[in-house]
Amino acid sequence: MEKTDKDYLELKKTIRDLIRLDFITPEEIPNIELYMDQLTHFMDQHLGSTLRSEEEKTLTKTMINNYTKNKLLPPPEKKRYSRKHLILLIYIYYLKNVVSINDIRRILGPMNDPEFDSDKVFNIYKSIFEMEKLQYFNAEASIIKSEQIAEKRLPKDKDEYLNKMAFIYMLGYDIFMKKRLIEKLIDELPED
């Protein structure tokens, strides 16, 4: 049975409910230094709803220490983390599900340089944030297109499992292609 406009409106609502992201707006990023507990609380408060289950953590002390040890983050000053640290942690949070720690280090490495002071990193974040808001609607349209392709290619008597499996595969293939492009772009970045 072919989907109707009402079905696609319902799909859009479902997509919006499922991929609703709690963005951290530039205005929400404090311009004061935070201690580790304050930093993890801030991330939990702002990104906790993006987690799949209650067992997951947005950020732990161990993660932060490992990111510092692996040179993804500059070391804190007197056990305090700046606005720059917080922004880098936001980038790490989103990137770690897509690329390796080595790739993240390569992407963010230049921002660890002292020439990238907190204000410069904050201004970059503001620009990227504006682009992310626009990208949300592109992602929604892409998901709907993947569902439409899966719907048209399966026999009309398909069952629910086959429908979901095809849709999942289409989304996975889309992610795979984008991940490969990301890796190619990372490979083109200058070495440290």
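At 59% relative accessibility, above the 50% cut-off, Lys71 counts as exposed, and this residue of the predicted model lies in the loop between α3 (61–69) and β2 (80–81).

**The chain as a whole**

- The C-alpha trace of the chain spans about 65 × 35 × 30 Å when it is taken along its principal axes.
- Of the 192 residues in the chain, 33% are buried.
- When contacts between residues at least 6 apart in sequence are considered, 68% of them join residues that are at least 24 apart.

**The loop between α3 and β2**

- Lys71 has a phi near 60 degrees, which is a positive value in a residue other than glycine.
- Lys79 is found in the loop between α3 and β2 as well, and its phi, near 65 degrees, is again a positive value in a residue other than glycine.
- Lys79 has a relative accessible area of 66%, and because this is over 50% the residue is exposed.

**Helix α4 on its own**

- Helix α4 covers residues 83–95, and its 13 residues should span 18 Å at 1.5 Å a residue, a value with which the 19 Å between its end C-alpha atoms agrees.
- Because 11 of the 13 residues of α4 are buried, the helix is largely enclosed by the rest of the structure.
- The buried residues of α4 are Arg83, Lys84, His85, Leu86, Ile87, Leu88, Leu89, Ile90, Tyr91, Ile92 and Tyr93, a list that includes charged side chains such as Arg83 and Lys84.

**How α4 packs against α2**

- Two packed helices are described by the angle between their axes and the distance between the axes.
- Helix α2 (residues 36–47) packs against α4 at an angle of about 50 degrees, and the axes of the two helices are 12 Å apart.
- That angle makes α2 oblique to α4, and the crossing in which α2 passes α4 is right-handed.
- On the α2 side the contact is formed by Leu39, Phe42, Met43 and Leu47, which meet Leu86, Leu89, Ile90, Tyr93 and Tyr94 in α4.
- Sorted by class, the contact of α2 with α4 has nine nonpolar residues, with no polar and no charged residues.

**How α4 packs against α5**

- The axes of α4 and α5 come within 11 Å and cross at roughly 145 degrees, in a crossing that is right-handed.
- Leu88, Tyr91, Ile92 and Leu95 in α4 meet Ile104, Ile107 and Leu108 in α5.
- The residues of this contact of α4 with α5 divide into seven nonpolar, no polar and no charged.

**How α5 packs against α7**

- Helix α5 (residues 101–108) and α7 have axes that come within 10 Å of each other and cross at roughly 55 degrees.
- The two helices α5 and α7 are therefore oblique to each other, and α5 passes α7 in a left-handed crossing.
- The contact is made by Asp103, Arg106 and Ile107 of α5 together with Glu183, Ile186 and Asp187 of α7.
- By class, the residues of the contact of α5 with α7 divide into two nonpolar, no polar and four charged.

**Ile144 and Asp187**

- Ile144 lies in helix α6 (residues 118–153), and because its relative accessibility of 10% is under 20%, Ile144 counts as buried.
- Asp187 lies in helix α7 (residues 160–187), and at 53% relative accessibility, which is over 50%, Asp187 counts as exposed.
- Asp187 and Ile144 are 43 residues apart in sequence, and their C-alpha atoms are 31 Å apart in space.
- Ile144 and Leu47 are 97 residues apart along the chain, and a separation of 25 Å lies between their C-alpha atoms.

Definitions and conventions:
Residues are numbered from 1 along each chain as its sequence is written. This is a predicted model: local features need pLDDT of at least 70, side-chain atom pairs count only at pLDDT 80 or more; totals for chains, interfaces and linings use all residues. Side-chain values use heavy atoms; hydrogens and water are left out. Helices (H or I, at least four residues) and strands (E, at least two) are DSSP runs, numbered from the N terminus. Buried means under 20% relative accessible area, exposed over 50%, partly exposed in between (1.4 Å probe, protein chains only). Axes are lines fitted to C-alpha atoms, for helices over the stretch in contact, and angles run from 0 to 180 degrees between N-to-C directions. Angles under 35 degrees count as roughly parallel, over 145 as roughly antiparallel, 65 to 115 as roughly perpendicular and the rest as oblique. A crossing is left-handed if the near helix is turned anticlockwise from the far one by less than a right angle, and right-handed if clockwise. Contact means heavy atoms within 4.5 Å. The expected span of a helix is 1.5 Å times one less than its number of residues.
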